[in-house]
Amino acid sequence: QTLQLVFSTTKGAAAICVAQLVQAGKLSYDDPVAQHWPEFAANGKDKLTVGQMMSHQAGLIGIDAPISFDEILAVTPAVESLQEQTPLWEPGTAHGYHAITYGWLAGELVRRVDGRPIGQYFADEVAGPLGLDFWIGLPEAEESRVSRLENAPPPTDPQLVAMMEMFMGPGTNAFRALTLDGRIDGIGDDENPFNTRAVHATEMPAANGITNASSLARMYAATIGEVDGVRLLDHETMQAARTERVNGPDLTLIMPTRIAAGFWLQNDLSPMIQEGSFGHAGAGGSLGYANPELGIGYGYVMNQMGGGIAGDPRTIGLNDAVLASL
């Protein structure tokens with residue numbers, strides 16, 4: 001029953017919310033984002049489609065405006081900054097992982113189309129019907145159930161340290177995206193901001209979902225079939241949501257990424273059980289996905305952060321065990 005913050009594994013939950021609105025006919029992956037969010041058209045973003053935004057093609061990996069950590073937690077200043085911002089590249093021509101900004105882009109799209117903040121939408125339309133222990137914006141009453149994140153041991157290999165600094169140090173796209181230029185850095189510090197009530201309480205739909213493994217697996221199971229009478233996505237919507245949209249070198253992570261409409265697909269960076277899987281991993285090792293061909297919904301969460309960039313050995317071992325059990 002312990003709850004755990006799952007970092008980017010939250011992105012799959014946000015992707016499900018957007019997919020449900022597609023299913024309901026309230027938007028299309030081919031719609032320009034600005035059709036539903038007019039202010040987003042500023043500075044060359046008028047043609048970016050929902051599908052392109054969800055597959056990290058917007059060119060908005062960081063926030064250029066000088067907003068503070070507290071303003072980021074307030075959400076609205078972050079959203080308003082992104083809607084005015086000039087993209088880093090021409091939208092739709094390349095992709096780069098929007099580690100934090102993805103959530104506010106998807107969340108504002110949900111709010112513009114549906115009227116509810118994404119945390120409320122998720123509670124009403126996904127977590128509630130399935131009885132999940134899963135929140136985007138944790139109620140204070142649940143705070144005592146959350147386990148504390150324990151940092152990964154620091155790398156000791158000088159070559160690895162130098163490589164990480166080259167690809168993820170200040171000034172790189174990865175640093176901009178993963179820490180918002182240092183504004184929310186600290187995953188390796190003793191006082192990790194992701195262990196604080198303030199970060200748990202905000203709506204950061206790319207990075208601060210809090211759940212447990214059974215809820216994560218149950219959510220994904222309901223994207224490919226009925227779970228106690230509840231199905232989140234019909235077959236047609238699920239197929240559209242897991243259709244590959246980008247595949248190749250990522251301008252943020254450098255390594256190749258393979259992304260559908262908000263979901264990561266099977267690749268070396270995020271190994272799942274086999275081809276056809278769609279889901280999302282999170283910093284430190286958490287992972288959730290579904291595989292319709294095998295009929296599997298999978299969830300793994302942890303509070304001991306792993307130190308790797310690619311798939312965590314713990315969840316790779318579990319993937320292998322699940323496959324062997326079939």
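**View 1. Asn-43 sits in the loop that links helix H2 (33-36) to helix H3 (50-54).** Helices here are DSSP runs of type H or I with at least four residues, strands are E runs of at least two, and both are numbered from the N terminus. This is a predicted model, where local features need pLDDT of at least 70, side-chain atom pairs count only at pLDDT 80 or more, and totals for chains, interfaces and linings use all residues. Residues are numbered from 1 along each chain as its sequence is written, and side-chain values use heavy atoms, with hydrogens and water left out. What is worth a look at Asn-43 is phi, near 55 degrees, a positive value in a residue other than glycine. Most residues other than glycine have a negative phi. Asn-43 has a relative accessible area of 43%, so it counts as partly exposed (buried is under 20%, exposed is over 50%, partly exposed is in between, with a 1.4 Å probe and protein chains only).

**View 2. Ile-254 lies in the loop between strand E4 (246-249) and strand E5 (256-259).** Here is another positive phi in a residue other than glycine: for Ile-254 the angle is near 70 degrees. With a relative accessible area of 44%, Ile-254 is partly exposed.

**View 3. Helix H1 (residues 10-23) crosses helix H7 (residues 118-130).** Two packed helices are described by the angle between their axes and the distance between the axes. In this pair the axes come within 10 Å and cross at roughly 75 degrees. That makes H1 roughly perpendicular to H7. (Axes are lines fitted to C-alpha atoms, for helices over the stretch in contact, and angles run from 0 to 180 degrees between N-to-C directions; under 35 degrees is roughly parallel, over 145 roughly antiparallel, 65 to 115 roughly perpendicular, and the rest oblique.) Look for contacts, meaning heavy atoms within 4.5 Å: Ala-13, Ala-14, Ile-16, Cys-17, Gln-20 and Leu-21 in H1 meet Ile-118, Tyr-121, Phe-122, Glu-125 and Val-126 in H7. Sort the residues of this H1 and H7 contact and you get nine nonpolar, one polar and one charged. (Ala, Val, Leu, Ile, Met, Phe, Trp, Tyr, Cys and Pro count as nonpolar, Asp, Glu, Lys and Arg as charged, and the others, Gly among them, as polar.)

**View 4. Gly-131 is in the loop between H7 and strand E2 (134-135).** Its relative accessibility is 58%, so Gly-131 counts as exposed. Now find Arg-218: the C-alpha atoms of Gly-131 and Arg-218 are separated by 9.3 Å, though the two residues are 87 residues apart along the chain.

**View 5. Helix H5 packs against helix H6 (residues 101-114).** The axes of H5 and H6 are 10 Å apart, at an angle of about 95 degrees. That makes H5 roughly perpendicular to H6. On the H5 side, Ala-78, Val-79, Leu-82 and Gln-83 meet Thr-101, Trp-104, Leu-105, Glu-108 and Arg-112 of H6. The residues of this H5 and H6 contact split into five nonpolar, two polar and two charged.

**View 6. Ser-81 is part of helix H5 (residues 76-84).** Is Ser-81 buried or exposed? Ser-81 counts as buried, because its relative accessibility is 13%. Leaving out residues up to four places away in sequence, Ser-81 touches Ile-63, Ala-65 and Ile-67.
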